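Please look through this model with me, point by point. My notes follow the display.

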Amino acid sequence: MADAPELADLLACPRCDAALAPAQDEGFECRGCQVHYPLLDGLPFLFSAPRASLGEWQARVHHELRRLEARAEKIESELLDKELLPLTRERLEQVRDACRDQHAKLAALMAPLLAGGEPATRETYIALRTRLPSDQGLNTYYQNVHRDWAWATGENAAAADIVLSMLPEAPGRVLVLGAGSGRLAYDLHQCTKADLTVALDFNPLLAGIGARVSRGEAIELWEFPIAPRSAEDCAVLREFDAEPARPGLEFVLGDALRAPFRKAAFDMVITPWLVDIVPLDFAELATRVNGLLAKGGSWMNFGSLAFDTPEESRCYTLEECVALVGQTGFDDVEYRTDRIPYMCSPASRHGRMEEVVSFRARKDKTVKTASRYQSLPEWLVTGKEAVPALPSFQMQAASNRIYAFVMGLIDGQRSIADMARLLEAQKLMAQQEAEGVIRDFMIRMYEDSRRSS
Ligand SMILES: C[S@@+](CC[C@H](N)C(=O)[O-])C[C@H]1O[C@@H](n2cnc3c(N)ncnc32)[C@H](O)[C@@H]1O
């Protein structure tokens, strides 16, 4: 019988795609690029600029810890109001205490990351064009952790049943890209005879929880539901736990768009809830998945197709996705759609039904992969080329000039009508139009100031 594949044999440098070697002390290294890829809390940390990514995630953790502190302080100041209903007081005290406890728990959980050494300079990280998307915070998918490991709502089982219905009993070497805290990867690994299941995500909070829980470790964190059902549901202490996974389930930290694996390393690549949230054209992502698969291997997608890119031509329908899959080296495309509950916390009135699309396609030939993914254009990286006068930049410049002028007029005396008259006098805008524009601008500023205070 062939030996079970080892994760280390599948890893490749995310900069040059060469095989990685174990490093002398710990982690991996690319001898060609002379880069050391560390382990973070035992997980391979395979970002192309590891020290820069470390700094980015450290900053996100600090930001979240500060946010929890600030929320507890704000509640403390609201508690000074003697007129509060007793019920309100009780709720505020409960949430304040939960924020403080969450702060301690999160700081302990993320201690290996915070102690992970000095981050790289900003220049290194820009030069490598590997910046994380700014909309991806530590908590962007925090609710998913509770869904994965704490709620007994059947959502995980519904997802696993659909995916399992399209997988072979023995799917070989499986890669789950954008695995989050890994429940689907865990369920698939447990329910099939996969030789190896690798769960990759770039968020160390999510992957770290997945790795620990699937080793049998219990973790406690607070859930703060957005529409609590009752007073006790405003902050709920959840315990994440599971039976330890059978051998062969591995968690890796890295960027799915520069997946740190050797070419053709996997027999099955699964993309759950990923294709429509990454800043990469679906067809290009398809060629990257193709490159990761051995010939005859399969791509299995699961989740929404809710593309939201500025280019309308890239907001594909299911039919367009199927056509693009057929053009990127795959055949035998099969798909199904299902309506399932999505993110329905038992402690929240918020939640929805979602129609999910699942498709599976077989790789029949290798296609050329686009060049390495770069998140920033050349002129931003080198700083030496002309900044393009994009139409959207010009529009922003024009409106910012007007806003700057209006802000300079705020002196505690002038009304919106006074300011509109001045804008007209400066020939910037007709008075009537100016009143509406200034009011909208002031509403935004007013709302921002209320949020930030
Ligand atoms: C919508 S969530 C889905 C999570 C999980 N697959 C599930 O079904 O709950 C998207 C996941 O992809 C991860 N992700 C987004 N972009 C990524 C990238 N470029 N590389 C790695 N992970 C990424 C996020 O951190 C998040 O865990």
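1. At 34% relative accessibility, does A264 count as buried, partly exposed or exposed? A264 counts as partly exposed, because 34% falls between the cut-offs of 20% and 50%. Keep in mind that this is a predicted model.

2. Stay with A264 for its backbone. A264 sits in the loop between β10 and β11. Its phi is positive, about 60°, although A264 is not a glycine. Most residues other than glycine have a negative phi.

3. M343 lies in the loop between β13 and β14, the latter being residues 352-363. With 14% relative accessibility, M343 counts as buried, because the value is under 20%.

4. Return to the loop between β10 (249-253) and β11 (266-272), where R258 is found. R258 is a charged residue by class. Is R258 buried or exposed? At 11% relative accessibility, R258 counts as buried. Now look for F47. R258 and F47 are 211 residues apart in sequence. In space, their C-alpha atoms are 8.0 Å apart.

5. Next, T328. This residue is in the loop between α10 (318-327) and β13 (330-342). Its relative accessibility is 6%, so T328 counts as buried. Which backbone oxygens does the side chain of T328 reach? One is that of L324, at 2.9 Å. Another is that of V325, which lies 3.0 Å from a polar atom of the T328 side chain. Leaving out residues up to four places away in sequence, T328 touches A283, A286, T287, N290 and V367.

6. Now the helix pairs. Two packed helices are described by the angle between their axes and the distance between the axes. Take α1 (residues 50-78) and α2 (residues 86-109). Their axes are 9 Å apart and the angle is about 160°. That makes the two helices roughly antiparallel, because the angle is over 145 degrees. The crossing of α1 and α2 is left-handed. On α1, the contact residues include E64, L65, L68 and E69. On α2, they include L92, V95, R96 and C99. By class, this contact has 9 nonpolar, 2 polar and 7 charged residues.

7. N156, A159, A160, V163 and L164 of α6 make the contact with R183, L184, D187, L188 and C191 of α7. By class, there are 7 nonpolar, 1 polar and 2 charged residues in the contact of α6 with α7.

8. Last, helix α8 (residues 204-214). How many of its residues are buried? The count is 11 of 11, and the helix is mostly covered. R212 is one of these buried residues, and so are P204 and S214. At the start of α8, a side-chain oxygen of N203 comes to within 2.9 Å of the backbone nitrogen of L205. Just after α8, G216 has a positive phi of about 105°.

Conventions. Residues numbered from 1 in each chain as written. Predicted model: local features only at pLDDT ≥ 70, side-chain atom pairs only at ≥ 80, totals over all residues. Heavy atoms only, no water. Helix = DSSP H or I, 4+ residues; strand = E, 2+ residues; numbered from the N terminus. Buried < 20%, exposed > 50% of the residue type's maximum accessible area, 1.4 Å probe, protein only. Polar contact = N/O pair within 3.5 Å; in protein donor to acceptor, adjacent residues only side chain to side chain. Contact = heavy atoms within 4.5 Å. Axes fitted to C-alpha atoms, helices over the stretch in contact; angles between N-to-C directions. Parallel < 35°, antiparallel > 145°, perpendicular 65-115°, else oblique. Left-handed = near helix turned anticlockwise from the far one by under 90°.
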